[in-house]
Amino acid sequence: MAVTKIKVRLVSVDVLDDSDWIWGAGEWHLHASIDGTAVGDSNREFSVHTGDSITLREADWSRVVDVSGHGPGDSVEVRLRIIEKDLFGDDNLGQVRATLRYPYRQPLRDIYLLSPWLDGGWFFDDYRCFRLHVRVTIEEEMVSTNLAGPTAVPVRRNAAGDVTRFSTVKGTAFTPRVEICPVIPIPAAPAHMPPRPAMPAGLAAGTIPAAAQVTAAPAAPALNALPNPSVIPILAAGDPNLATRAARLTLTYYEPSNLDTSKFHWRVVSGPAVIVGSASGTSIRVRGTGNAADTMATIQVHWESNSGPVLATYRAWVGKLGTLPYRVTFLNGTGGNWQTTAIMPSAQANSIMQVVRAIVYQAGVLMVPDPNVTGFDGATLFPAGNTNGIFQTTVTSNRHTRNVNHNVVSRATRYNFRPGAINFSFCHSTSQGNAAAVDRNGIAGIAVKTKWAGGKLWYQGGGTGITKKLGGSPSASWIKPSGVPKDAAGVVKSMQTINPTKRTTQAKNYDKGYVSARNTAANPFTAAMMGQLYACHCPVVWSRGTLAGAPPAWTAAQYVWNCGINLAHELGHILGLAHRGSGWSPNPPLSGDGMDCKNQKGVVKGHPWSENFMTYGYGTTTPLAHDLDLIQATVVRTHPAITYPP
Ligand SMILES: [Zn+2]
């Protein structure tokens with residue numbers, strides 16, 4: 001928002017020395033100019049004594065200067081020269097001047113100018129005669145509108161220094177609309193979003209800052225690639241990776257779009273967090289401090305300063321950065337085209353994992369390639385020596401990699417798993433065509449049922465997770481009510497976690513041979529360790545373009561992003577999360593975790609149904625399903641495979 005008019009007022013002149021030490025009162029004439037134009041009346045005589053203060057009538061001694069054509073380097077000059085008239089002629093008591101420089105953004109500025117020292121001559125000390133008080137205020141700021149409409153409409157602050165309200169030239173008051181949506185990209189209509197106020201006609205439309213738009217799929221996303229995470233990780237001030245690890249917070253919408261974004265002033269209101277670098281603009285970086293257990297932090301955006309009006313509020317956990325080790329195990333078949341390592345290059349698997357890491361990092365969890373590079377069950381690093389945690393092995397039966405059935409207790413996921421590390425089992429293909437988090441051991445709840453049939457151990461469904469609750473405002477999950485102004489205050493949300501599997505009891509006999517063989521190969525290995533199998537199936541034939549719904553027009557980067565989102569989703573199940581949003585059923589698509597609300601059409605749906613990573617919001621050009629919310633973070637962070645610093 002550009003300042004287009006300023007008001008410069010000569011407020012008063014303090015008489016420091018009337019200079020007329022013989023004849024009593026001095027008779028002063030004030031010659032003033034603002035931006036080269038004379039103001040006031042230089043013929044008027046002010047009779048002054050030392051210690052007086054001359055108050056100048058605003059109507060006569062001020063001027064509104066149009067600075068709309070000004071740019072960098074331009075300025076407005078204020079001058080005052082005082083002449084004293086007495087019996088012996090005119091004395092020049094000196095001149096003061098002030099230069100006001102573009103962009104004139106200070107709402108209220110008082111300037112005091114001392115006149116120069118004058119020579120006292122043979123008999124007197126040097127002396128100065130006056131002090132001028134100049135006040136500069138913003139008279140008008142211009143907000144441009146769309147090209148199609150009028151090109152500009154003037155707005156002004158209601159009073160000098162008053163930043164709580166803005167008004168249009170017609171006097172219509174408004175507060176800029178500023179949002180920090182935790183869900184990025186912002187859910188599209190008819191998703192329920194907090195209603196926005198109607199703005200006065202003529203103001204520029206709202207805008208979504210670039211940082212809040214995921215329009216392209218970066219080849220190698222930084223850990224903090226996704227802004228507005230649910231957890232701000234605790235990091236040292238001197239952390240060499242602060243640029244890629246500090247949480248990025250961004251405005252997701254503001255209106256009018258031509259507000260001066262340098263005046264968005266961010267502040268940590270509560271919680272152990274500090275802003276890294278600049279606290280102004282549309283986005284900032286934040287790091288957690290201290291060593292406490294997970295604590296909620298509130299961050300607000302003000303206009304101009306801490307004392308300016310609050311425009312938006314954001315909540316996030318501050319917590320220790322957890323470490324979650326993982327390995328990727330390519331399961332090669334024999335014969336046919338079942339050589340998985342010939343279908344998907346190791347580098348592509350690693351690119352996919354970078355996306356998974358960026359999504360899970362929103363929960364303050366740092367996924368690391370398993371530092372233990374020992375291969376099990378014949379596995380070796382693929383390629384040899386890689387530090388990405390990527391292995392390959394050859395299965396004992398092609399049924400362990402080809403058309404693997406998610407509904408049967410998996411033999412695929414056991415290969416090369418290390419108890420306590422996530423195992424992404426890259427098999428050739430699955431019966432169902434998709435990926436699935438089949439080994440959800442170690443999470444809370446009652447396990448799903450299993451049943452022997454046809455010589456196989458089948459999962460029968462059933463079981464339950466547990467209920468997680470979180471209150472506060474803005475909402476823990478952005479479902480209605482959101483707690484954002486103009487919406488009702490936030491209420492406690494209840495989320496259901498996914499039902500676990502329990503391999504140690506369900507598959508004790510099934511795994512018996514494996515356990516003893518593994519113990520023979522790498523002692524000790526116990527049956528109890530099967531309870532630390534955290535794994536999913538991932539079919540590599542996806543990379544042939546058979547990923548369900550994948551348009552042929554996908555670029556390699558889009559493909560990697562969508563596989564990455566999908567594997568992050570499977571990891572979410574492994575860590576205890578149920579489905580959010582649409583799931584498989586479009587009619588009606590309610591959430592598996594119970595987080596539903598009415599959309600703008602009054603239909604109850606899981607929300608946000610395409611933007612949460614536990615949904616199926618795989619975009620074509622814009623990948624959607626990124627969000628991991630506050631309440632989901634509480635589940636993810638308690639998984640036994642994650643370790644935290646003391
Ligand atoms: Zn799922």
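Predicted model: local features only at pLDDT ≥ 70, side-chain atom pairs only at ≥ 80, totals over all residues.

Me: OK, how many disulfides turn up in the whole structure?
Reply: The search finds 0. Take Cys-563: the nearest cysteine sulfur belongs to Cys-538 and is 6.5 Å away.

Me: Is Cys-563 buried or exposed?
Reply: Buried, at 0% relative accessibility. Buried means under 20% relative accessible area, exposed over 50% and partly exposed in between, with a 1.4 Å probe and protein chains only. Cys-129 is buried too, with a relative accessible area of 0%.

Me: Switching to the metal. Which residues are the protein donors of the zinc ion?
Reply: His-569, His-573 and His-579, each through NE2, at 2.0 to 2.1 Å from the zinc. Donors are N, O and S atoms within 2.8 Å of the metal (3.2 Å for Na, K and Ca), and sites may look incomplete since water is not among the atoms.

Me: What's the spacing of those donors in sequence?
Reply: They run H-x3-H-x5-H. His-569 sits in helix α6 (residues 556-574) and His-579 in the loop between α6 and β34 (596-598), so this pair ties together parts 10 residues apart in sequence. Helices (H or I, at least four residues) and strands (E, at least two) are DSSP runs, numbered from the N terminus.

Me: And how buried are His-569 and His-579?
Reply: His-569 counts as buried at 0% relative accessibility, and His-579 is buried with a relative accessible area of 15%.

Me: New topic: what's the strand order in the open sheet of 3 strands?
Reply: β16-β20-β19, with antiparallel pairing. Edge strands β16 (247-250) and β19 (273-276) each have a single partner, so one side of each lacks a neighbour in the sheet.

Me: Over how many bridges do β16 and β20 pair?
Reply: β16 pairs with β20 (residues 283-288) over 4 bridges; two strands pair if DSSP finds at least two bridges between them. Leu-249 stands opposite Ile-284 in β20.

Me: Last one, how many helices and strands does the chain have?
Reply: 7 helices and 35 strands. Of its 646 residues, 53% count as buried.

Note on methods
Residues numbered from 1 in each chain as written. Heavy atoms only, no water. Disulfide = S-S within 2.5 Å.
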